[in-house]
Amino acid sequence: MSSITVPPPKCLQKTFVAPRRHMFGPGPSNVPPRILAAGAEPIIGHMHPEMLEIMSDIKSGIQYAFQTQNNMTIAVSGTGHTAMECAIFNAVEPGEGVLTAVNGIWGERAAEMAERIGARVNSIVTTAGGYFTSEEIDRALAKHKPVLFFLTHGESSTGVVHPLDGIGDICHKHNCLFLVDCVASMGGAPLHMDKQGIDILYSGSQKVLNAPPGTAPISFSERACQKVFNRKTKPVSFFLDMTWLANYWGCDGKPARIYHHTAPVSAFYSLRESLAILAEQGLENSWQRHKEVAEYFHEGLENMGLKLFVKDKNARLPTVTTIVSPPGYDWKEITSYIMKNHNLEISGGLGPSVGQVLRVGLMGGNSSKASVDMVLEALRDALRYCHKSKV
Ligand code: PMP
């Protein structure tokens, strides 16, 4: 008699083959064969010297992508949210003040994370599609006196790229750390961590980098390190404690590395390869290509009679475009039609933009005029065949 009461699932007897799709939503983007192949290399130990060398390469690649000399630069094992929590959990102690800029979902999420660790959270809020002036930020910092200010560079829920120049200085004038989310913008829009006085910057692997989801670059300035490594209380998360992660990544100057967690070895191979591709292409070339492709796309959309959600041309995020949901149509029918008939993912809104927009992400290798033509053709087709209400 077998002791097994739960039989082996029948569904697992089927061979799995992932569908081939054009991943033109706000992420994840398509992973090119070279990066997939890197991830398929044999596993080695997470503490083997070769692995430590790969991590060192990743660190250099992130320093390049972020334009920073920060020693405290690593990749968190986890997605963009993990890096977000890593930043907030390490930089803030219970009872301290945090100010978040909310012009989409990411400022809301950052506020919720800070609340969960007992921070005093205030937010400045503007309409979806908008952004903040330096004066508004200055006034709010003077009023709330937070230890940390959160801003999203590439607001993927609304399609806005937020200006960054000057904000670091304003934060520092108020004795506040400047935390920036560049998950959706890194590699696709100009960003200079050091020059722009950003204290903590994090990103994700699955957007412009075209690596699989699951690793997240993050970097801390000297000023941020002063705060992070002089806490009175330990961060609530052991997994995200920068004291441990700094040691595992060889950033703490100690001779020995201590086991903290088993790093996602294959994901690190892929991340390394994706950073190598970005370095080969050149960051400025990548920024320029994303800009040109986005402009070509925006022109094509307007020629079709569609409207862009972000009115200010300079505030349009080159990686993720928000299109005003075509009047009279059900946006869900459009996205489903395009998935079914064109094998192509575009998505609806998120958070404050739900129901208002369609979102198209053209990131990394997907940022090309050929991809734009494919999306425009799919949209043209959908608008012809989807139901238009009579009202
Ligand atoms: N911030 C921004 C701007 C994002 O676009 C995303 C992903 N859509 C995240 C954070 C969260 O990243 P993840 O889904 O990898 O946790």
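**Helix packing and backbone features in a predicted model**

Met84, Glu85 and Ile88 of helix H3 are in contact with Arg109, Ala110, Met113 and Ala114 of helix H4 (contact means C-beta atoms, placed from the backbone, within 7 Å). These contact residues comprise 5 nonpolar, no polar and 2 charged (Ala, Val, Leu, Ile, Met, Phe, Trp, Tyr, Cys and Pro count as nonpolar, Asp, Glu, Lys and Arg as charged, and the others, Gly among them, as polar). This is a predicted model, in which local features need pLDDT of at least 70, side-chain atom pairs count only at pLDDT 80 or more, and totals for chains, interfaces and linings use all residues. Residues are numbered from 1 along each chain as its sequence is written.

**Confidence**
- The average pLDDT of the protein is 97, and 99% of the residues score at least 70 (pLDDT is the predictor's confidence in each residue, from 0 to 100).
- For the complex, the predictor gives an ipTM of 0.99 and a pTM of 0.98.

**H3 and H4**
- Helix H3 spans residues 80–91 and helix H4 residues 105–116 (helices, H or I of at least four residues, and strands, E of at least two, are DSSP runs numbered from the N terminus).
- Their axes come within 10 Å and cross at roughly 45° (axes are lines fitted to C-alpha atoms, for helices over the stretch in contact, and angles run from 0 to 180 degrees between N-to-C directions).
- H3 and H4 are therefore oblique to each other (under 35 degrees is roughly parallel, over 145 roughly antiparallel, 65 to 115 roughly perpendicular, and the rest oblique).
- H3 and H4 cross in a right-handed sense (the near helix is turned clockwise from the far one by less than a right angle; anticlockwise is left-handed).

**H2 and H9**
- Helix H2 (residues 49–66) packs against helix H9 (residues 265–281) at about 40°, with the axes 9 Å apart.
- H2 is therefore oblique to H9.
- The crossing of H2 and H9 is left-handed.
- Residues of H2 in this contact include Met51, Ile54 and Tyr64, and those of H9 include Phe268, Arg272 and Leu275.
- The H2–H9 contact residues divide into 15 nonpolar, 1 polar and 2 charged.

**Backbone**
- Most residues other than glycine have a negative phi, and most peptide bonds are trans.
- The Gly27 to Pro28 peptide bond is cis, with omega near 0°, and Pro28 sits in the loop between strand E1 (22–23) and helix H1 (33–39).
- Lys145, not a glycine, has a positive phi of about 50°; Lys145 lies in the loop between helix H5 (134–144) and strand E5 (148–152).

How values were computed: Contact = placed C-beta atoms within 7 Å.
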